[in-house]
Amino acid sequence: MAIMSIFFFLVASSITTTAHGQQRLSHKFYSRSCPGVQSLVRATVEEALRGDPTLGASILRLFFHDCFVNGCDASVLLDDTPFFTGEKNAPPNMNSLRGFQVIDAIKARVEPRCRGTVSCADILALAAREKFLKYTFF
């Protein structure tokens, strides 16, 4: 539990201001550009967890694997193309990572409300955050 708290602290600290006071990212960004997105993510994650409670750990693991190599860029969500093997089906991830359908469901619900605004990387981070907050007491 302590390791997860540290992990989320590091992720959260990446969305604060720089040492010179210039804003880089803000946890309130979507409250202005896509109001209600966090509630929508929460509802979708809760719905998925009611159907399969093990998906919570899977989403958290998916987020970890996305951020582990080259940062949180949603590359773990990439599908194969005829000329490219996406990370989703890459040998280390094949038959190992789960929860993609939850992220796809969230994206499908977010896009009609806020087209082109909420990135897949942020959706993955918000989904992992919801699972973590639901079952962790600070």
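Cys114 is found in the loop between H5 and H6, where helices (H or I, at least four residues) and strands (E, at least two) are DSSP runs numbered from the N terminus. At 8% relative accessibility, Cys114 counts as buried; buried means under 20% relative accessible area, exposed over 50%, and partly exposed in between, with a 1.4 Å probe and protein chains only. The model is predicted, so local features need pLDDT of at least 70 and side-chain atom pairs count only at pLDDT 80 or more, while totals for chains, interfaces and linings use all residues. Residues are numbered from 1 along each chain as its sequence is written, and side-chain values use heavy atoms, with hydrogens and water left out.

**Overall architecture**

- The protein has six helices and zero strands.
- Read from the N terminus, its elements run α-α-α-α-α-α.
- Of the 138 residues in the protein, 36% are buried.

**Disulfides**

- Two disulfides are present in the structure, a disulfide being a pair of cysteine sulfur atoms within 2.5 Å.
- Cys114 is bonded to Cys34, with the two sulfur atoms 1.9 Å apart.
- The torsion about the S-S bond of Cys34 and Cys114 is about 85°, so this disulfide is right-handed.
- This pair links distant parts of the chain, 80 residues apart: Cys34 lies in the loop between helix H2 (29–33) and helix H3 (37–51), and Cys114 in the loop between H5 and helix H6 (120–134).
- Both Cys34 and Cys114 are buried.
- The C-alpha atom of Cys114 is also separated by 9.9 Å from that of Gly36, although these residues are 78 residues apart along the chain.
- Cys67 and Cys72 form a disulfide with an S to S distance of 1.9 Å.
- For Cys67 and Cys72 the S-S torsion is about 120°, so this disulfide is right-handed.
- Cys67 is buried, with a relative accessible area of 13%, whereas Cys72 is partly exposed at 41%.
- When the bonded cysteines are numbered in sequence order, the pairing is 1-4, 2-3.

**Helix H4**

- The 14 residues of H4 should span 20 Å at 1.5 Å a residue, and the end C-alpha atoms are 19 Å apart, which agrees; the expected span is 1.5 Å times one less than the number of residues.
- Among the buried residues of H4 are Leu55, Ile59, Leu62, Phe63, Asp66 and Cys67.
- Phe64 and Phe68 also belong to helix H4 (residues 55–68), where they are four residues apart, about one turn of the helix.
- Phe64 is partly exposed at 37% relative accessibility, while Phe68 is exposed at 58%.

**Aromatic rings**

- The structure holds two aromatic pairs; rings of Phe, Tyr and Trp (its six-membered ring) pair if their centres lie within 6.5 Å, and planes under 30 degrees apart count as stacked, over 60 as edge-to-face and the rest as tilted.
- Phe29 and Tyr30 make an edge-to-face pair, at 5.0 Å centre to centre and with 75° between the planes.
- Within that pair, Phe29 is partly exposed, with a relative accessible area of 39%, and Tyr30 is buried at 10%.
- Phe64 and Phe68 have ring centres 5.2 Å apart and planes at 35°, so their pair is tilted.

- Phe100, Val102, Ile103, Ile106 and Val110 are buried in helix H5 (residues 100–110).
- Viewed down the axis of H5, these buried residues fall within an arc of 165°, so they line one face of the helix; the arc is that of the directions from the helix axis to the C-beta atoms.
- The charged end of Lys88 sits over the ring of Phe100, 4.8 Å from its centre; this requires NZ of Lys or CZ of Arg within 6 Å of the ring centre and within 35 degrees of the ring normal.

**Binding site in the record**

- An unreviewed UniProt entry lists Asp66, Val69, Gly71, Asp73, Ser75 and Glu87 under "binding site"; UniProt positions follow the numbering used here, feature names are shortened, and annotations may be inferred rather than shown by experiment.
- These residues are spread over 22 residues of sequence but cluster in space, with a largest C-alpha distance of 13.7 Å.
- Asp66 is located in helix H4 and is buried, at 2% relative accessibility.
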